[in-house]
Amino acid sequence: MKFLGIECTAHTLGIGIYDSAKGIIANEMDTFRPKPGEGMLPRELADHHARVFNDVLSSALKKSKCKLEEIDFFSFAQGPGIGAPLAVGCSAAKFLALKFKKPLIPVNHCQAHIEIAKKISGFKDPLILYLSGGNSQIIIKEKNRYHVLGETLDIGLGNLFDSFARSIGLEGHGSVLEKFAKKGRYVEFPYSVKGMNLVFSGLLTYAQKLAIEGKYRKQDIAYSLMETSFAMSCEATERALFLTKKKQLVVCGGVAQNKKLQRMLKTMCNDDGVSFAAAPDEFNRDNGAMIAYTAFLMRKNAIEKREKIKDVFPLPNQRIDQIKF
Ligand code: FE2
């Protein structure tokens, strides 16, 4: 059985193909780059995804040596995400399913990040730290549901980094700030953990204020912003590890690509006798393979939604704890 997955929740249009016998056989993507100093406008993301859709689809088919006629299930990221780009992926998936008379499986984007990370780690029952642009959550799976133990009460961790990077004139996504901060030195920052919940917007305001004042180098501010927000994430996660007594931790989502974060979590896990894993970057960034793989799992467990294609639409505010399987 072959599953084609479309990722379209934010800046990346990704198309992946999962073969139930061979595994992931394609994972192609194209990421929107905003103009210098600008953020991501929803309409521009939708335009980008519509523009590159044919090329990304062609390269996924070429890579997998598949024809569209051979795909058994079409799937797409239904939410959470930004409405305009979600609508492009949803429309394309509906069209393909109708044209080739195949079932359509809507997939939760957060669940897809988690499932691919679990598959690659081999962990059966981990605590999950999910950190991306829009989401920052500590999650467990119990009784056919994912439960959120703690989360950001304002902005996502990736959003914090992107917003600060943009305000000091850096172009690109989080990895640019990671490189910029590498040779920084620590300066004191506010620290805000509320049990297993996190608050990040005060750090952004403080970092931007320091950058305007000019007393510290911007590298030092970027370094300290990352150091502090990662330490906060570690503290909340460690609290969840002690509460749940889980012996495995997996980190996933776009921010999980950050090597400093991975090192800090690994050190914490070593101290606590917990196994730690993070997937390769290709599967932590937004990608279509994770959508296709999650559609395969849903089909395997006979839990894919059996809605009529006409009743499927994007759900920008869909939460992981609303998904039952
Ligand atoms: Fe994501």
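Let's start where two helices meet: the axes of helix 3 (residues 109–121) and helix 10 (residues 288–300) come within 8 Å and cross at roughly 85°. That angle makes helix 3 roughly perpendicular to helix 10, a label for angles of 65 to 115 degrees. Axes here are lines fitted to C-alpha atoms over the stretch in contact, with angles from 0 to 180 degrees between N-to-C directions, and helices are DSSP runs (H or I) of at least four residues, strands (E) of at least two. This is a predicted model, in which local features need pLDDT of at least 70 and side-chain atom pairs pLDDT 80 or more, while totals for chains, interfaces and linings use all residues. Residues are numbered from 1 along each chain, and side-chain values use heavy atoms, without hydrogens and water.

Which residues make the contact (heavy atoms within 4.5 Å)? Helix 3 contributes residues including H109, I116 and K119, and helix 10 contributes residues including M290, Y293 and L297.

Now look for the largest nonpolar core, which has 46 residues. Such a core is a set of buried Ala, Val, Leu, Ile, Met, Phe, Trp, Tyr and Cys residues joined through side-chain atoms within 4.5 Å, where buried means under 20% relative accessible area (1.4 Å probe, protein chains only). Helix 7 gives the largest share, 10 residues. F164 is among the residues with the most contacts inside the core, and its neighbours include L177, L204 and I221. Apart from this core lies another, of 29 residues, C8 and F74 among them.

Finally, the cysteines: there are zero disulfides, meaning pairs of cysteine sulfur atoms within 2.5 Å. For C110, the nearest cysteine sulfur, that of C252, is 8.7 Å away. C110 is buried, at 2% relative accessibility.

Terms used
Buried < 20%, exposed > 50% of the residue type's maximum accessible area, 1.4 Å probe, protein only. Parallel < 35°, antiparallel > 145°, perpendicular 65-115°, else oblique. Contact = heavy atoms within 4.5 Å. Lists of a residue's contacts leave out its neighbours within four places in sequence.
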